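The entries follow the order in which I looked things up.

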Amino acid sequence: MARHLLVTGGAGFIGSNFIHYILRERPDWRVTNLDLLTYAGNLENLRDIEGSSNYRFVRGDIGDRQLVDALLGGDDWFGPVDTVVNFAAESHVDRSILDPSPFVDTNVRGTQVLLEAARQAWLGAGVEGGRRDVEHRFVHISTDEVYGSLGPDDPAFTEENRLEPNSPYAASKASSDLLCRAYFKTFGLPVTVTRCCNNFGPYQFPEKLIPLFVTNALEGQPLPVYGDGMNVRDWIYVDDHSSAVLAVLERGRPGEVYNIGSDSEVPNIEMTRAILRILGKPETLIRYVAGRPGHDRRYAIDASKIRAELGWQPAYRFEDALERAVRWYVENPEWWQRVRSGEYRRYYESQYGARLG
Ligand code: NAD
Ligand code: DAU
């Protein structure tokens, strides 16, 4: 089936990699990218596919019901949307500590607006209405952070773990997961939730650990390691996340949750040293700084359900993928220098003749 995807947050890190991945793997599909272009959205990530006949960009808020209704029911060549993949979010934990409000607005309320618009468009006002001949899918992209934090000897998170979010970001994502569950249970909306571990790869906003440390090191600036550097994250190359989301939207069961991960747990200080090693930069750049309040100690994902049920497996080995990702930043200094200076926002203004707020 040649799908029409509404990808939200497609100008961000994972969303833009996912759109590239889909247009490579499913060239007959159509993709509408709805993105508000917050500080994290960057159309330069999609420059190479601008003007493609099966891709279009719409600037807007997932919380704008009128706009979302119009996109879901579209009657132009792109046609109605049969699949929503919801990446749009405020995604950075440190920002959620400084100001939780936008996290509730987008991650909770925005997701509910999308769910409600999909319910109306796909099921009609009641559960019995709607186009039953079309196979609809709503894939909500969540995170392992909803499970809280693990001790050193705890088993990895399974889909059965309790939700114990610790940051305002994680709490807002857990809330949206529960709304997805309610829309499936109450209305029969075909929603599936994915919970992935930490992603890395090209086009990641340089506030996150890997791109921040790579670009700081390239500029000879210090690398601020929080606490004792022994917090552990479980890492996955972004294209492996994309292939898992594709498997879920094609073969995943509505109402289910699928964890996504590739068994690559690394303490932050080891990650920091690996980055410096790849770049040939000195460890004297490392600075230990105060930890993040409520800093989760360890994440680890058990992805056996998606592997067994959907036959998904990661294609990248962690060490090779890290080297590949670090090289991307080395080879694309103009991309991250424009992001770090704020210059990238002018690209939108020159392309679309409108100013960003
Ligand atoms: P990102 O911050 O790089 O991108 C988020 C995108 O959403 C941006 O383009 C932004 O402009 C857009 N956006 C924000 N608010 C919006 C709104 N109200 N309406 C429309 N668009 C809006 O984030 P990311 O790292 O690419 O994460 C994408 C998704 O994946 C998020 O839902 C995040 O919770 C989830 N996730 C991220 C990771 C990770 O390691 N980065 C891991 C697991 C899950
Ligand atoms: O686990 C999935 C999550 O991964 C996603 O849901 C989030 O959207 C994504 O931002 C990421 O969250 P983290 O908080 O794990 O990522 P971050 O890159 O911010 O931090 C990774 C680890 O590195 C964490 O233990 C904090 C630490 N850190 C981070 C920064 C930015 C530092 O030590 N120094 C830093 O400057």
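Entry 1, ligand 2. I looked up polar contacts (pairs of N or O atoms within 3.5 Å; within protein, one must be able to donate a hydrogen and the other to accept it, and residues adjacent in sequence count only if both atoms are side-chain atoms). A side-chain N or O atom of Thr143 is 2.7 Å from an oxygen atom of ligand 2. A polar backbone atom of Leu209 lies 2.8 Å from an oxygen atom of the ligand, and a backbone N or O atom of Pro224 is 2.7 Å from a nitrogen atom of ligand 2. On its own, ligand 2 has 690 Å² of accessible area, of which the protein covers 94% (Shrake-Rupley method, 1.4 Å probe).

Basis of the entries. The model is predicted: I note that local features need pLDDT of at least 70 and side-chain atom pairs pLDDT 80 or more, while totals for chains, interfaces and linings use all residues. Residues are numbered from 1 along each chain as written, chains are lettered from A and ligands numbered from 1 in written order, and side-chain values use heavy atoms, without hydrogens and water.

I found 23 residues around ligand 2, with Asp144, Tyr169, Asn198 and Arg292 among the closest. They divide into 10 nonpolar, 7 polar and 6 charged; Ala, Val, Leu, Ile, Met, Phe, Trp, Tyr, Cys and Pro count as nonpolar, Asp, Glu, Lys and Arg as charged, and the others, Gly among them, as polar. Helix H6 (209-218) and strand S8 (223-226) each contribute at least two shell residues (DSSP runs, helices H or I of at least four residues, strands E of at least two).

I counted ring pairs of Phe, Tyr and Trp (six-membered ring) with centres within 6.5 Å; planes under 30 degrees apart are stacked, over 60 edge-to-face, the rest tilted. The structure holds 15 such pairs. Phe200 and Trp235 are edge-to-face, at 6.2 Å and 75 degrees. Phe200 belongs to strand S7 and Trp235 to strand S9, so the pair ties together parts 35 residues apart in sequence. Both residues are buried (under 20% relative accessible area; exposed is over 50%, partly exposed in between; 1.4 Å probe, protein chains only).

Tyr237 and Tyr316 form a tilted pair, 4.5 Å between centres and 50 degrees between planes. Tyr237 is buried because its relative accessibility is 6%, whereas Tyr316, at 27%, is partly exposed. I noted that ring pairs link Phe200, Trp235, Tyr237, Tyr316 and Phe318 into a cluster.

Methods
A residue is near a molecule or strand if one of its heavy atoms lies within 4 Å of it.
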